[in-house]
Amino acid sequence: MSTHVTSSGLAAALVALKERFGENVVTGASVRDLHARDESHHAAVSPDVVVFAETTQDVADLVLIAARYTVPVVPFGAGSGLEGGAIPVHGGISLDTSRLDGVLEIRPDDMIVRVGAGVRRLALNHALRETGLFFPVDPGADASIGGMVATGASGTNAVRFGTMRENVLGLTVVTADGKIVRTGSLARKSSSGYDLTRLLVGSEGTLGIVTEAILRLHPVPEALSAHAGFATLAGAVAAVTDIKRLGLVIGRVELLDEPLVAVINRRGALSLAPLPTLFFEFHGQAEEIGSLSATIAAIVAEHGGTALVWARDRAAAQQLWEIRRVALSWAKAERPGAHSWPSDVCVPISRLAEVILETRADVDRSGLTAYIVGHVGDGNFHCVFMHLPGEVDEVHRLADRIVLCALEAGGTASGEHGVGLGKRAYQELEHGREAVALMRRLKAAFDPHGILNPGKVLPDPADHPTAHS
Ligand SMILES: Cc1cc2nc3c(=O)[nH]c(=O)nc-3n(C[C@H](O)[C@H](O)[C@H](O)COP(=O)(O)OP(=O)(O)OC[C@H]3O[C@@H](n4cnc5c(N)ncnc54)[C@H](O)[C@@H]3O)c2cc1C
């Protein structure tokens, strides 16, 4: 199923694309270069051509041309991916979805919205501001909805509202033979037929190209935020588990390790105790949260926590979460010339503290610079290496160990960033040979000529994960 683009095939495809799409076909070096990379550490590879699609029919016509000449098609959303998913490693067409940017239908009574794949998440929530509703999935970047569907994205809100998998009700997708397929419905639940929607969520452009999505919306919650430091990381994780058992709704709970807390203090953004720290957001009426605040404080103290510091108003709460969002970029700025490489494993919460501590010990032994942040309520954490070029082999070795450690704990190689290029080698170890063989059969059924984002998700037979461990 490998894609072999011949230069004559490519030349013929270019002629057909220009005839159909005119100025929306771009072969200039600067635009190709912008579509050669994402935000990951993976090497850039330029596409042969970039095409800007404006409608679902455009995408269908483009795929038909690509299929006729067996040219790869790699969807490109906002390019914020962290595993190289949008890099056209086999060249071909980079299909830019940014002009599929319509918020097509808001249905407040049904609490759903239909959007084009190119809509960015911040623009979507801006469009919803008068409704009292919002779309909660919040990767740290201003990603496109199509990219978020494709990677099965999540973020700080997932502990309360779930990931893309729980929040996508239906899709419009163009398949490898240029057909337009609609999956799901406007209904909030269904047990009708194979669940193509959930199969396509997380498929990273390898099974179909998303042009529209129907998304669940949620009422904007009442919320109060707070933070506390903990003597030990295990204490911080245990406190989260106990607070959840209290029945209080945790909207977000984020762990920042000691080195990242030090970065925040050096910036003067907050004055935090030099300890592993949790940022909390509790959902509910202020009185309800207030009535439980003494119990929350007691749980935190019982697990070695400091006094909880509550954000006094909405602005202070927003500032707290903005600090969480930008703290890693401050850490990067402290090391001029450094590149960032985030790991992204997810483990059962009962094993989270142990896996994080093992990771921290590995990092400390190696002398590398790295920071750990965690969506603790979900068992998902990122060890983010800020490395200089000479350190890349060591980073690779530790990133490999983190994945193997997570798999050994019963977890997954990717909690939210997807497989892309970086996690292909672990697929058999995580899912088993038979499951990967079934995935290959699915891929062959959806994309028999291998034109949709080739070289992603499924492992090369030569891949093996333990090369660096
Ligand atoms: C600072 C920062 C913080 C981040 N934090 C998070 C986080 O908290 N949680 C999280 O989940 N991610 C996070 N990410 C990663 C990234 O934002 C997500 O993976 C996001 O879903 C990618 O969306 P995108 O539009 O940028 O997609 P791209 O990077 O353009 O593409 C990603 C993948 O989706 C495919 N794709 C794109 N559009 C379509 C389409 N219409 N149809 C089919 N396939 C398509 C691409 O081919 C590629 O395989 C972060 C990234 C950065 C830079």
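The domain assignment of the protein gives domain 1 (1-219) and domain 2 (221-333), the bounds coming from an automatic or database domain assignment. The model is predicted, so that local features need pLDDT of at least 70 and side-chain atom pairs count only at pLDDT 80 or more, whereas totals for chains, interfaces and linings use all residues. Residues are numbered from 1 along each chain as its sequence is written, and side-chain values use heavy atoms, with hydrogens and water left out.

The C-alpha centres of domain 1 and domain 2 are separated by 34 Å. Across the boundary, nine residues of domain 1 are in contact with 10 residues of domain 2, contact being defined as heavy atoms within 4.5 Å. Between them the two domains bury about 710 Å², of which 59% is on carbon and sulfur atoms; buried area is the accessible area (1.4 Å probe) that two parts lose on being put together, summed over both. On the domain 1 side, T156, V159 and R160 lose the most area to domain 2, together accounting for 64% of what that side buries.

Among the helix pairs (helices being DSSP runs of H or I with at least four residues, numbered from the N terminus), helix α10 (residues 258-267) and helix α12 (residues 314-333) have axes that come within 9 Å and cross at roughly 85 degrees. Axes here are lines fitted to C-alpha atoms over the stretch in contact, and angles run from 0 to 180 degrees between N-to-C directions. Helices α10 and α12 are therefore roughly perpendicular to each other, a term that covers angles of 65 to 115 degrees. L260, V263, I264 and R267 of α10 form this contact with I323, A327, L328, W330, A331 and A333 of α12; by class, nine of the residues are nonpolar, none is polar and one is charged (Ala, Val, Leu, Ile, Met, Phe, Trp, Tyr, Cys and Pro count as nonpolar, Asp, Glu, Lys and Arg as charged, and the others, Gly among them, as polar).

Helix α13 (residues 349-366) packs with helix α9 (residues 233-245) at an angle of about 165 degrees, their axes lying 9 Å apart, and the two are therefore roughly antiparallel, the term for angles over 145 degrees. In this pair, L233, A234, V237, T241 and K244 of α9 meet I349, L352, A353, I356 and L357 of α13, giving eight nonpolar, one polar and one charged residues.

The axes of α13 and helix α14 (residues 392-408) come within 10 Å and cross at roughly 160 degrees, which makes α13 roughly antiparallel to α14. Here R351, V355, E358, T359, D362, V363 and S366 of α13 meet E394, L398, R401, I402, C405 and E408 of α14, a contact with five nonpolar, two polar and six charged residues.

Notes: Angles under 35 degrees count as roughly parallel, over 145 as roughly antiparallel, 65 to 115 as roughly perpendicular and the rest as oblique.
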